Amino acid sequence: MYLHLGSNVSVPTDDIIGIFDLDNASSARDTKKFLRAAEEEGMVVSVGSDLPKSLVVCCPRGSWQRVYITPLAPATLLGRLEALQSLFPLY
């Protein structure tokens, strides 16, 4: 299954490590260091040009980690994940 992050960007749900509220996460010193390092390594993908609200950390199999910055709220992304799981139960 894939989660749509906005602006025609989707990621496999199995690759998602975490979805974070950018307002809360960006105030922590460790998160700032993580984002700075990810940006320097070219791992940050900006989704759309609207005000960013969420940070989605993914680790695709056999690839480098990716950090998506999306204008969709974490609650919206969670709702989409829950809808996918109700339509397509894993077991």
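Student: Why is Thr31 called buried?

Tutor: Thr31 has a relative accessible area of 19%, and the word buried is used under 20%, exposed over 50% and partly exposed in between (with a 1.4 Å probe and protein chains only), so Thr31 counts as buried. This is a predicted model, in which local features need pLDDT of at least 70 and side-chain atom pairs count only at pLDDT 80 or more, while totals for chains, interfaces and linings use all residues. Residues are numbered from 1 along each chain as its sequence is written, and side-chain values use heavy atoms, with hydrogens and water left out.

Student: Where does Thr31 lie, and what is in contact with Thr31?

Tutor: Thr31 lies in helix α2, a name that comes from DSSP runs numbered from the N terminus, where helices are H or I with at least four residues and strands are E with at least two. Contact means heavy atoms within 4.5 Å, and once neighbours within four places in sequence are left aside, Thr31 is in contact with Ala25 and Ser26.

Student: Which residues of α2 are buried, and what puts them on the same side?

Tutor: Thr31, Leu35 and Ala38 are the buried residues of α2. They cover an arc of only 65 degrees around the axis (the arc of the directions from the helix axis to the C-beta atoms), and therefore they are on the same side of α2. An α-helix has 3.6 residues a turn, so residues three or four places apart point the same way. The buried residues of α2 pack against α1 (22-25), β4 (44-46), β5 (54-58) and β6 (66-70), whereas Arg29, Asp30 and Glu40 are exposed on the other side of the helix.

Student: Why is Phe88 called partly exposed?

Tutor: Phe88, in the segment after α3, has 49% relative accessibility, a value that falls between the two limits, so the residue counts as partly exposed.

Student: What makes Met1, Leu87 and Phe88 a nonpolar patch?

Tutor: A patch is made of residues with over 30% relative accessible area and no salt bridge, in which nonpolar side chains (Val, Leu, Ile, Met, Phe, Trp, Tyr) are joined within 5 Å and like charges within 9 Å; a salt bridge would be a side-chain nitrogen of Lys or Arg within 4 Å of a carboxyl oxygen of Asp or Glu. Met1, Leu87 and Phe88 form such a patch on the surface, with about 320 Å² of accessible area together, an area that comes from the Shrake-Rupley method with a 1.4 Å probe, where for residues only the protein chains shown count as cover.

Student: How do you know that Val47 is buried?

Tutor: Val47, in the loop between β4 and β5, has a relative accessible area of 2%, so Val47 is under the limit for buried. Leaving aside neighbours within four places in sequence, its contacts include Leu5, Val9, Tyr68 and Pro71. Val9, which lies in strand β2, in turn touches Leu3, His4, Val47 and Tyr68, again without residues up to four places away.

Student: Why does Thr13 count as buried?

Tutor: Thr13 is found in the loop between β2 (9-12) and β3, and its relative accessibility of 17% is under the limit, so Thr13 counts as buried. Beyond its neighbours within four places in sequence, Thr13 is in contact with Met1, Tyr2, Leu3, Leu81 and Leu84.

Student: What is said of the phi of Ser7 and of Asn8?

Tutor: Most residues other than glycine have a negative phi. Ser7 has a positive phi of about 50 degrees although it is not a glycine, and Asn8, also not a glycine, has a positive phi of about 60 degrees. Both are placed in the loop between β1 and β2, where Ser7 counts as partly exposed at 49% relative accessibility and Asn8 is exposed at 77%.
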